Amino acid sequence: MKSQKKPYLSTTQIILLSFLCVILIGSVLLSLPISSSNGRALPYIDALFTAATATCVTGLVTVGTAASWSVFGQIVILLLIQIGGLGIITFMTAVMLLFNRKIGISDRLLIQDAFNLNTLSGIVTFVKKVLAGTLTVEGIGACFYMLVFVPQFGAKGIWISVFNSVSAFCNAGFDIIGDGKSMLSYRHDPLVLCTLAILVAIGGLGFIVWEDIIAKKSWKRLNVYSKVIILAQIFFIVVGTFVYFILEYGNINTIGAESVGQKILASFFQSVTTRTAGFDALIQNNLTDLSKAWGTV
């Protein structure tokens with residue numbers, strides 16, 4: 001009698017299933033009354049959509065993040081954003097390391113596939129660097145935010161700073177400022193906009209490029225992939241800033257009435273955020289048609 005073979009899932013299938021499980025668990029948590037700001041459960045479709053868009057770090061919402069979700073709901077959203085930004089396998093590895101669980105060969109293969117690495121050597125060390133780097137950058141970003149948000153919101157400003165820092169670094173586009181207008185209230189604040197833009201840019205480089213920069217510490221020694229990513233990022237930010245500055249210069253509905261310095265700041269932020277982040281310091285509907293077209297490039 002032939003023994004039946006156990007069903008085998010590839011690393012890609014495991015990653016996809018894990019990703020789906022995170023979204024479903026997140027949607028269930030967000031559908032609970034405790035996740036709602038008014039104590040009444042939101043429709044499950046809104047909870048599911050929010051869980052999916054947070055995990056996929058897209059920033060699309062059907063309900064206001066600050067107005068509709070309680071602190072518990074916002075914590076759930078923040079965890080989903082962090083999982084999506086780090087990657088489900090990285091997050092699972094972090095939990096395993098936290099509980100001193102041994103990272104076996106199957107776990108290492110998952111990490112290798114998740115990051116598209118060429119070798120299993122030093123994978124656990126790589127993940128530790130990713131986690132340490134992520135928490136460090138997000139922590140520094142939160143500290144800069146606190147300089148503005150704590151004086152404005154008091155103790156609540158600490159939570160706002162942490163949430164926005166994680167969201168910006170993960171390029172998620174979620175914010176809990178509270179007015180439903182994203183960064184419009186801070187369009188003239190260089191500290192807030194530049195902190196957000198730098199977090200978005202650093203997060204957008206990706207972990208592989210970070211590792212290469214930290215290891216090589218020299219532009220000449222960086223591999224070709226890292227150089228291409230860095231140069232492409234700089235190119236699109238600089239060119240995008242120039243394009244928005246020119247196209248919106250006389251648009252009274254966006255930056256037409258601003259000073260030159262404010263126009264440059266707004267154009268720079270618009271250039272960074274439209275690439276992946278989804279934060280707004282300008283009302284997007286008021287942009288010229290050419291600017292809207294450029295934003296889709």
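I take a residue as buried when its relative accessible area is under 20%, and I keep to that cut-off below, bearing in mind that this is a predicted model.

**Entry 1, positive phi angles.** I looked up Asn171 and found it in the loop between helix H8 (156-169) and helix H9 (190-205). Its relative accessible area is 9%, so I noted Asn171 as buried. The phi of Asn171 is near 60 degrees, a positive value in a residue other than glycine. I then turned to Val57, which lies in the loop between helix H2 (44-55) and helix H3 (65-68), and whose phi, near 45 degrees, is again positive in a residue other than glycine. With a relative accessible area of 18%, Val57 is buried too.

I placed Asn251 in the loop between helix H11 (224-248) and helix H12 (260-277), and I recorded it as buried because its relative accessibility is 10%. Leaving aside residues up to four places away in sequence, I listed Gly256, Asn286, Leu287 and Thr288 as the residues that Asn251 touches. I also checked Lys263, which lies over the face of Tyr249, at 3.4 Å from the ring centre.

For Leu30 I went through the contacts, not counting residues up to four places away in sequence, and found among them Ala47, Ala51, Trp69, Val76, Ile77 and Leu80.

I counted eight aromatic pairs by the ring-centre rule. Tyr145 is buried at 1% relative accessibility, and Phe149 is buried at 0%. Next I looked at Trp159 and Phe163, whose ring centres are 5.9 Å apart with planes at 70 degrees, so this pair is edge-to-face. These two are four residues apart in helix H8, and about one helical turn separates them. Here I noted that Trp159 is partly exposed, with a relative accessible area of 22%, whereas Phe163 is buried at 0% relative accessibility. Lastly I traced a cluster in which ring pairs link Tyr145, Phe149, Phe153 and Tyr186.

Notes. Residues numbered from 1 in each chain as written. Predicted model: local features only at pLDDT ≥ 70, side-chain atom pairs only at ≥ 80, totals over all residues. Heavy atoms only, no water. Contact = heavy atoms within 4.5 Å. Buried < 20%, exposed > 50% of the residue type's maximum accessible area, 1.4 Å probe, protein only. Phe/Tyr/Trp six-rings, centres within 6.5 Å; stacked < 30°, edge-to-face > 60°. Lys NZ or Arg CZ within 6 Å of the ring centre and 35° of its normal.
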